[in-house]
Amino acid sequence: SRWGIVWTEDVGTLTIGYYRSVSSVDGSLGPVIQVATSSIGTLASFDIGCEAGEYQQAFAFVTIWDDTNDNRIHARRIGYDAANTETLEPRFTVFTDSLFNDYSAPAIARATGANMPLMVVAKRLWGVGPSEGVTAALVSARNNTVQSVTTVHLEMGINVRSPAVDGYDNQWVVSWTQ
């Protein structure tokens, strides 16, 4: 019975990513939680999904973002303990840039059932060719792992933009613009 929101703010020489929950029952606000910090202008594409079910007797949100400062797409779980207090889990890496691969514009599915992974997609530029496409990974927020990384789409010399994903449990729909 909560919604989760994420956003970024530039503060001095830093960009900070924040999370806050809102009760769908009475509109009360949870605390503002700092999820990520990097050099100004280097955090992009913050997104959020929800994992239903039991974890410390509650559910969890998973945030993702692109940190162009360290060339990675990161994820972080925000869980709830038995007292319904938000708990910030360690961040983990979903995709890492390399000499021939550049990931950007990540998106995460909005929700999944209990004990099920969330799908994350990102634009991927392959330096050989060059080619562009969309790569997907299943993220298990229970143990901060990335599973089943796969190429959804790949073409030579195209302009892929705005990858998106939604679905539930083990069924996903991935879209993009080109």
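A contact here means heavy atoms within 4.5 Å. With that in hand, I looked up the contacts in the chain with a separation of 6 or more, and residues 24 or more positions apart account for 44% of them.

**Ground rules.** I noted that this is a predicted model, in which local features need pLDDT of at least 70 and side-chain atom pairs count only at pLDDT 80 or more, while totals for chains, interfaces and linings use all residues. Residues are numbered from 1 along each chain as its sequence is written, and side-chain values use heavy atoms, with hydrogens and water left out.

**Overall build.** I went through the secondary structure and found 15 strands and 0 helices in the chain. Both are DSSP runs numbered from the N terminus, helices being H or I with at least four residues and strands E with at least two. Next I checked the radius of gyration, taken over C-alpha atoms. The chain has 16 Å, which agrees with the value near 16 Å for a compact globule with 178 residues; the globule rule is 2.2 Å times the number of residues to the power 0.38. The C-alpha trace spans about 55 × 40 × 25 Å along its principal axes.

**Burial.** I use buried for under 20% relative accessible area, exposed for over 50% and partly exposed for in between, with a 1.4 Å probe and protein chains only. By that rule, 47% of the 178 residues are buried.

**A sheet.** I followed an open sheet of 3 strands, in the order β1-β2-β3 with antiparallel pairing. Strands pair if DSSP finds at least two bridges between them; I see 6 bridges joining β2 (residues 14–23) to β3. Tyr18 stands opposite Gln34 in β3.

**Rings.** My search of the whole structure gave 4 aromatic pairs. The rings of Phe95 and Tyr103 have centres 4.7 Å apart and planes at 15 degrees, so I log them as stacked. Rings of Phe, Tyr and Trp (its six-membered ring) pair with centres within 6.5 Å, and planes under 30 degrees apart are stacked, over 60 edge-to-face and the rest tilted. Both Phe95 and Tyr103 are buried.

**Positive phi.** Ala105, in strand β9 (residues 101–108), has phi near 50 degrees, a positive value in a residue other than glycine. Ala105 is partly exposed, at 26% relative accessible area. Ser162 is not a glycine either, yet has a positive phi of about 50 degrees, and I find Ser162 in strand β14 (residues 161–168).
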